[in-house]
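User: Hey, I'm new to this one. Can you put it up and walk me through a few spots?
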Amino acid sequence: MMRYLTAGESHGPQQTTIIEGLPANMELVKEDINKELKRRQGGYGRGRRMQIEKDQVQIVSGVRHGKTTGAPVALVVENDDFKHWTKIMGAEPLSEEEEKEVKRKISRPRPGHADLNGAIKYGHRDMRNVLERSSARETTARVCAGAVAKKVLKTFGIEVGGQVLEIGGIKADNVTYNDIHDLQERSENSPVRCLDEEAAEQMMKAIDDAKKEGDSIGGVVQTVITGVPIGLGSHVQYDRKLDARIARSVVSINAFKGVEIGIGFDAASMPGSQVHDEITWDKESGYARKTNNLGGFEGGMTNGMPIVVQGVMKPIPTLYKPLQSVDIETKEPFAASIERSDSCAVPAASVVMENVIAFEVASALLETFGADRVEAIAKNLEEHNRWAREF
Ligand SMILES: Cc1cc2nc3c(=O)[nH]c(=O)nc-3n(C[C@H](O)[C@H](O)[C@H](O)COP(=O)(O)O)c2cc1C
Ligand SMILES: C=C(O[C@@H]1CC(C(=O)O)=C[C@@H](OP(=O)(O)O)[C@H]1O)C(=O)O
């Protein structure tokens, strides 16, 4: 099983990722990861922090001379902002003098963020101890893992793309694309990662308006994965269902409140005859479907059609015109703390979603076809595809 852990505070020294269970002999260079980090940092609507950070990865374990060795891969991205926060974020105990110098404690929780629940749960009267880890800065480390997973997938001809479908109630209309490369290229060329240029303009205006009003907006993003073999995941146990694992990974992204596979919620109001994807077979390509309403999944297993997933991001919780909150020291009503903030991070979050889903799919691929050596996996996959075609 491939798994990963992340560590790191938003204004601490670094973000750290450890990935376990990667095959040996896979080509992996810094650029594979840096390009995803750059995509995550982009997108219209982000705040000033993204001008401070220039995320660059250091590969500190598990790779030698451009190839994985099979050992855990450890990745580090330094937080450039740490230099402004060394006193506040250092690991060493502070003297009384230093304690006084250090910025005020955060005692006014922001509605919508992790501040209050985390403070009560862990007993922190300074909510910075919660804020630092709950910040979506952590998605840098998750994108490091996802970028490596994308490399696994690409090695076996599986491609990941994505787009923004909605921001602040403005929906992309009639979005069509030729193939996954077309989707990748066209979303890359839009500041909001949206294929509908007219809608993209309106989305940017909505972001500007929200910012002017000290407000924030959310949206809907989509991930598409093509070239997936039939049979990743399994119907036999709840925690082996790959669609369920993907759903968990999506809702785990900061500020995500919902997930859909394929037509998702629309299926509720449609008859079965219009929902289920009819099965075809031909000698060349084997089994296929006439439509892909179910987003590539039946029984928790891939059916060979593209994986299609939508995720819903709520508006950013930190508001420059803050909502009402309560000061935990005085119990008096107050306006919530204002921290430097993005006004919309939907385009950036679409990159995060591609990466967390890529990790789940790569992990399922390695479970099915072996995880020791790239060459052996390639052979197993080829044999499986032949088997499935002729079955
Ligand atoms: C890419 C990205 C950037 C974000 N930027 C901010 C931000 O600048 N300010 C903020 O309050 N929340 C931001 N968030 C959302 C919070 O991290 C999130 O709401 C918080 O961790 C609470 O978790 P929950 O919303 O999942 O319940 C961002 C989320 C993502 C995915
Ligand atoms: C640092 C990132 O996003 C941060 C996510 C975030 C939050 O509360 O989630 C709050 C902001 O932090 P700061 O106050 O330091 O600007 C964002 O900038 C990042 O995406 O790399």
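User: Which residues does UniProt place under the feature "binding site"?
Analyst: The unreviewed UniProt entry gives that feature to Arg133, Ser134, Ser135, Asn254, Ala255, Gly299, Lys314, Pro315, Ile316, Pro317, Thr318 and Arg340. They are spread over 208 residues of sequence and also in space, up to 44.0 Å between C-alpha atoms. UniProt positions are in the numbering used here, feature names are shortened, and annotations may be inferred rather than shown by experiment.
User: Good to know. Anything to keep in mind about the model and the numbering?
Analyst: This is a predicted model: local features need pLDDT of at least 70, side-chain atom pairs count only at pLDDT 80 or more, and totals for chains, interfaces and linings use all residues. Residues are numbered from 1 along each chain as its sequence is written, with chains lettered from A and ligands numbered from 1 in the order in which they are written.
User: Okay, where is arginine 133?
Analyst: Arginine 133 sits in helix α6, residues 128-134. Helices (H or I, at least four residues) and strands (E, at least two) are DSSP runs, numbered from the N terminus.
User: And what does arginine 133 touch?
Analyst: Glu9 and Glu138, not counting residues up to four places away in sequence. Contact means C-beta atoms, placed from the backbone, within 7 Å.
User: Why does arginine 133 count as partly exposed?
Analyst: Because arginine 133 has 18 C-beta neighbours inside 10 Å. A residue is buried with 20 or more other C-beta atoms within 10 Å of its own, exposed with 12 or fewer, and partly exposed in between, with C-beta atoms placed from the backbone.
User: How about lysine 314, where is that?
Analyst: Lysine 314 is in the loop between β15 (307-313) and β16. Lysine 314 is partly exposed, with 15 C-beta neighbours inside 10 Å. Leaving aside neighbours within four places in sequence, lysine 314 contacts Gly218, Ala255 and Lys257.
User: Switching topic: which residues come nearest to ligand 2?
Analyst: Arg49, Ser135, Ala136, Arg137 and Arg340, out of 13 residues around ligand 2. A residue is near if its C-beta atom, placed from the backbone, lies within 6 Å of the molecule.
User: Last one: what's the phi of histidine 65?
Analyst: Histidine 65 has a positive phi of about 50°, though it is not a glycine. Most residues other than glycine have a negative phi.

Note on methods:
Contact = placed C-beta atoms within 7 Å.
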